[in-house]
Amino acid sequence: MAGSDNDPWDRQVDESTVAFAGFAAYRDMGPARSITRVARELNKSRALIARWSSAHAWVLRAQAWDREQDRVFLAEQTVARRAAARRHVKIAQAFLGKAVARLQSLDARELSPDQLLRYFQVAADIERKVLAPDGATLPDADDDNVLQAGEMSDEERRARMEQLRRELERRIGGMPEEEA
């Protein structure tokens, strides 16, 4: 016999074994549950199942069961999300290590102007994101004065790329700022 401090979906103190079997069948049917289906499954009269349902508050107990199952599911999702986040951080760290090693081995003089500009844009975007407080975004460089590579003349592009190359070499190679 069940104790008095059990959960609503457990067998109740005044509930017979067969009545509890009826409730368990009802509880486990999920959203499509009905006393008619329980009567059919257990080969009992619908009137008997209705009496058991009323006497032992099946609807309320099943709702409590559903809430508990939702709580358990959400807890499992939280654990799964945390595990996934830990895996993703490890993968990201490994990838970042490889990317940094590759970036350090690059000779900026061998990059095309478009490649160099793209590296610079990505690095600047990352730097802005890291420096932004609490997910806020920092403004881009003065957008009115920034030209896309396609909008520059060949001479402007070469001058800008040379400037960016020196800046990247200084940052990547640890070159002192005076030499850059």
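Rings of Phe, Tyr and Trp (for Trp, the six-membered ring) make a pair if their centres lie within 6.5 Å; planes under 30 degrees apart make the pair stacked, planes over 60 make it edge-to-face, and anything else is tilted. Keep that in mind for the first two views, and remember throughout that the model is predicted.

**View 1. Ring pairs tie Phe20, Phe23, Tyr26 and Trp58 into a cluster.** Search the whole structure and you get four aromatic pairs. One of them joins Phe20 to Phe23, with 6.3 Å from centre to centre and 40° between the planes.

View 2. Phe23 has a relative accessible area of 0%, so the residue is buried. Its pair with Trp58 is tilted too, at 6.1 Å centre to centre and 55° between the planes. Buried or exposed? Both Phe23 and Trp58 are buried.

**View 3. The largest nonpolar core holds 14 residues.** As a rule, nonpolar side chains in soluble globular proteins tend to be buried together. Which members touch the most others? Look for Phe23, Tyr26, Val38, Ile49 and Trp58. At least two residues of this core come from each of α1 (17-28), α2 (35-42), α3 (46-55) and α4, and α4 is the top contributor with four. Zoom in on Ile49 and, ignoring neighbours within four places in sequence, you'll find contacts with Ile35, Val38, Ala39, Leu42, Lys44 and Trp58.

**View 4. There's a second, separate core of seven residues.** Among its members are Leu111, Leu116, Met161 and Leu164.

**View 5. The largest pocket has a volume of about 560 Å³.** Its lining takes in 18 residues, and those nearest the centre are Val100, Leu103, Tyr119, Ala123 and Ile126. Three helices, α4 (58-105), α5 (113-131) and α6 (154-173), each put two or more residues into that lining. Which one gives the most? That's α5, with seven residues. By type, the lining splits into 13 nonpolar residues, one polar and four charged.

View 6. Relative accessibility for Asn43 is 73%, so the residue counts as exposed.

**View 7. Ala57 is another non-glycine residue with a positive phi.** Find Ala57 in the loop between α3 and α4, with phi near 50°. At 32% relative accessibility, Ala57 falls between the 20% and 50% cut-offs, so this one is partly exposed.

Conventions. Residues numbered from 1 in each chain as written. Predicted model: local features only at pLDDT ≥ 70, side-chain atom pairs only at ≥ 80, totals over all residues. Heavy atoms only, no water. 1 Å grid on protein atoms, 1.4 Å probe; cavity = no way out; pocket = protein on both sides within 12 Å on 5 of 7 lines; lining within 4 Å. Points joined across faces, edges and corners; volume = space filled by probe spheres on them. Nonpolar A, V, L, I, M, F, W, Y, C, P; charged D, E, K, R; others polar. Core = buried A, V, L, I, M, F, W, Y, C linked by side-chain atoms within 4.5 Å. Buried < 20%, exposed > 50% of the residue type's maximum accessible area, 1.4 Å probe, protein only. Contact = heavy atoms within 4.5 Å.
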